[in-house]
Protein chains: 2
Amino acid sequence: MDFIEIAKSAKKASLEIADLSTELKNEALLKVADAVDAHKEDIFSANRADLAEAEKLVACGEINKSTFNRLKLDENKMRDMIQGIRDIARLDDPVNKKLFVRELDKELTLYKVSCPIGVLGIIFEARPDVISQISALAIKSSNAVILKGGKESKNTNRTILSVINSALEKVEGFPKNVLNQVFSRDDVAEMLKCDKYINLIIPRGGNSLVKFIKENTKIPVLGHADGICHIFVDESAKPAMAEKVVTDAKTQYPSACNAVETLLIHEKFPYREELLAALQLDEIKLEFNPENWAHEYGDKILSVKTVSGVDEAIEHINTYGSGHTESIITTNLENAEKFMNKVDSAGVYFNASTRFADGFRYGFGAEVGISTNKTHARGPVGLEGLTIYKYKLIGNGHIVADYASGEKQFHHRDLTI
Amino acid sequence: MDFIEIAKSAKKASLEIADLSTELKNEALLKVADAVDAHKEDIFSANRADLAEAEKLVACGEINKSTFNRLKLDENKMRDMIQGIRDIARLDDPVNKKLFVRELDKELTLYKVSCPIGVLGIIFEARPDVISQISALAIKSSNAVILKGGKESKNTNRTILSVINSALEKVEGFPKNVLNQVFSRDDVAEMLKCDKYINLIIPRGGNSLVKFIKENTKIPVLGHADGICHIFVDESAKPAMAEKVVTDAKTQYPSACNAVETLLIHEKFPYREELLAALQLDEIKLEFNPENWAHEYGDKILSVKTVSGVDEAIEHINTYGSGHTESIITTNLENAEKFMNKVDSAGVYFNASTRFADGFRYGFGAEVGISTNKTHARGPVGLEGLTIYKYKLIGNGHIVADYASGEKQFHHRDLTI
């Protein structure tokens, strides 16, 4: 089918799923989880076919070992996939929440109500578990999706979505074409142009994928390219805390976007040499090259810079950072407050590891991704980030002319929700 | 100065104004209002220079009479400008609001706090009163702005902003370069490319300006191009209410974006002929041409279409509408609810005129504009739409490794704000 036809039917489905009841959506999610569980052997078998192909590509160097590992589904990943769908069924419905109720005048009441965004375009790389996760998030938030996965996981992706869609077909009242999948590079190009039907693009993958997408579409993109996180060790920082937090932020999962890349140290911090020695003992390689101040290592390498104080630290971060997550280690409350107010990032921490920047750790229950945008949604994004709102106004034949003439006046009284 | 230098210093100013106190911002706003009042003769004089130039252009047909009228400042507009600034001083500060406080674990607390977006690029047409209004909104929401007005109002714009900036210079602690202005077409091109420093573009002007901007930038744009609003008169609508509401929505201010453009009538509505006759008596010209279903007349002309019921009305609106504001006139609650849930527009009304779609009428106190976007802000946008949020996390040396190992568990307890 033509991409544009798929997009059109996704748009239609998005209007149909928009006001589905929470009960029906949760029923659908639980049936989807059961179906994935029941058909896991089919999914493993499709995954083995993909892995066999991928093995050849690893051999000739076309894909690397870590992509191969992300592609591979095992019992643990499968269990997490199924549990993830059930967890999303248990979360609060983000749609149809009253955000405010305001009486504008007698018998004229305004409701601000959360509603889905519409059609999401999801472009992701090797990880086939993204399919079930995004499908579940889309169902819960009443959005339609068009998924485009990596070609390496084509068989796995096709099988997972077909299992999910077969389950949804058996749920009475659940609309068709909510979850759609495309496979070719041309489809990606069409998706990025399709601002008539697609309301939000969510890339799930490495920096270069995200950068390419941001450069090539006018549709809003939710996500982040770089994750250049900083820790500033202030003059008064407790040395043991500084070492513990920096080590965690760099080594607990070095390839994560919320891992620290640059350590800024106050020039009067008395334990500078001890701290650097301890970090090296923790197998962190230190770099002192200004050319790497905007570089994301994704590895156990850390840029180190000496700064004259909190002001220079803030300026460095606002210049070289990516607006993701930064932390100050200090016992000086005034500096901590200044840092958190002046640093222009999604996450500004005080005496905590940057690795906490994560939807599950924040208690959102599920995560769409982490955004470094300055509009719509910022930081770890949960189900709420997949919604917008509409205004419902209920009157009794009210007209504006009566207010323009002064015959009537608005009284703007907020009602409790 | 180079555009990029202006943008850079606006970015710097945006970081400085980000955590200014409410008191200082309000003091600045009141001083600005006083200064505009004190210098209104200078502004009128600059405006007369613009009007003299514009008169020549009207004579040779290069600008039309309505642009000329929008350009002209009189005592009434000046009074409204000054009052508008004072009104914004009285509104709640949208910045630094705690949106939630959640204890993730003992001594590890997450704050979601509203904060400014950063640098706003404002592109507007002939109305010079936009300058003072947007400047006041920017100050209150702690954003920096770069303004580009129409060339017809160059002298007026320059004088107004210079009066405002002179007043701000005298406010101790108020940062420099918060309010900036550029004048050339090249600057617009630079602005639209400048996603490094500009976070949001707000066009204030006609459809073609907004369309041009949306087509030519990757920076998020807040606004709307078309306003193709609909009223659906259901089978059970009270005929007097239908006439009253449709007439208000079409004639109270026909060139407004929230004026109705298409009337959909249920085929079994018994008073169809009477309604159409009454609308014609109200000097509304009726059109029955399907080619105009996505046309914004901006005049006392109304497209009319007969539909088989609420479902066809919803489908028509979701196909031809612009997602702005639509109303159903009915006594059937079930149809009203269906209409409000299924119509995918920023405003969905029941027995009320579409003309209510307005920030002042909604009780926002000030309006940035009306958005038909599906992300960030939708419908009439007040000060809140000029903010985003950041997450502040305050710990005591907390690291993720302790939670990954299972040694510690999150307890995710929401605290009252």
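Let's start with A:Arg102, which stands opposite A:Asp414 in strand β16 of chain A. Please keep in mind that we're looking at a predicted model. The pair belongs to a stretch where β1(A) and β16(A), residues 413-415, run antiparallel, joined by 3 bridges.

Now, β1(A) has another partner too. Residues 98-105 make up β1 of chain A, and 6 bridges join this strand to β2(A), residues 108-116, again antiparallel. If you'd like a place to look, find A:Val101: the bridge partner of A:Val101 in β2(A) is A:Tyr111. And what lies between β1(A) and β2(A)? The two strands form a hairpin with 2 residues between them, and A:Glu107 in that turn has a positive phi, about 60°.

Finally, the two chains together. Chain A superposes on chain B by a rotation of 180° with 0.0 Å of shift along the axis, and the RMSD is 0.0 Å. The two copies are therefore related as by a two-fold rotation axis. Which residue of chain A comes closest to that axis? That's A:His376, with its C-alpha at 1.8 Å. And the copies meet through the same surface, because 100% of the interface residues of chain A are also interface residues in chain B. Thanks, everyone!

How values were computed:
Residues are numbered from 1 along each chain as its sequence is written. Chains are lettered from A and ligands numbered from 1 in the order in which they are written. This is a predicted model: local features need pLDDT of at least 70, side-chain atom pairs count only at pLDDT 80 or more; totals for chains, interfaces and linings use all residues. Two strands pair if DSSP finds at least two bridges between them. Helices (H or I, at least four residues) and strands (E, at least two) are DSSP runs, numbered from the N terminus. Copies are superposed by least squares on the C-alpha atoms of residues with pLDDT of at least 70 in both. Two residues are in contact if their C-beta atoms, placed from the backbone, lie within 7 Å.
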